[in-house]
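This report describes a few local features of one protein model. Please look at the sequence and the structure before reading on.

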Amino acid sequence: MPVPDACTPGRHALATRHLLFYTPVTKLDALAAIASGADFDAQRWQGNLMDQVVPDADTRLVLLRMGPGGGTPRWFMRSNPELAEPFEPSAELPEFMVGVRRDTGCYAGYLGFDHDRGEIGGTLAPDHRGQGLGAELFLAGMEFAHGHVGLSTVRAGTATANLACRRALERAGFVPAPGPARHTLADGRVLDSVWYQHEGAASACARP
């Protein structure tokens with residue numbers, strides 16, 4: 001399962017210093033992307049429903065020790081052949097990319113983009129937090145919005161109390177912007193929120 005290093009029609013790839021993000025190639029890529037933000041600490045801010053996450057902690061641990069850069073055991077794919085099947089992006093779902101650590105080839109996070117709202121979001125897997133990679137995640141989101149989708153303005157919102165996310169956005173060059181003061185999560189919790197945006201030159205990569 002090679003790691004893409006360039007965009008092709010309908011699929012994107014982009015790199016920062018330590019991370020590579022790309023549209024999932026296999027169903028394993030997609031499942032690992034979901035697993036990267038399914039732990040309690042991430043869900044404190046995201047509030048996804050149970051059918052939107054990988055709820056079992058042991059399963060998440062196994063998935064996030066793997067990666068497309070040679071880190072997926074053959075026995076695992078023999079036992080779960082459906083995960084080797086191609087992942088087909090859907091126009092009905094928000095666009096997302098799986099993140100991989102470039103030096104290890106292991107799954108490291110998730111980057112999502114809402115075309116209708118021009119907003120990005122994402123998360124890092126637990127073992128990749130607290131290392132300054134949050135800024136790289138948002139730099140990748142900024143590059144994706146400006147240089148792949150062709151938007152001059154990209155926005156991101158986060159909980160007011162999520163200081164780590166706010167610092168990462170600011171290190172990536174995002175500045176405060178107006179937006180809704182409260183946000184209702186899928187699980188019904190309501191959080192105070194703050195908003196950021198980034199302005200940049202718009203262009204587009206290979207598209208259908």
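Two strands pair if DSSP finds at least two bridges between them. Helices (H or I, at least four residues) and strands (E, at least two) are DSSP runs, numbered from the N terminus. The model is predicted, so local features need pLDDT of at least 70 and side-chain atom pairs count only at pLDDT 80 or more, while totals for chains, interfaces and linings use all residues. Residues are numbered from 1 along each chain as its sequence is written, and side-chain values use heavy atoms, with hydrogens and water left out.

Strand β6 is joined to strand β9 by 7 bridges, and the two run antiparallel. In this pairing, Arg 155 stands opposite Gln 197 of β9. Of the 7 residues of β6, 5 are buried (under 20% relative accessible area; exposed is over 50%, partly exposed in between, with a 1.4 Å probe and protein chains only).

Arg 155 is also in contact (heavy atoms within 4.5 Å) with Gly 179, as is Trp 195, leaving aside neighbours of Gly 179 within four places in sequence. Gly 179 lies in the loop between β7 and β8 and is partly exposed, with a relative accessible area of 43%.
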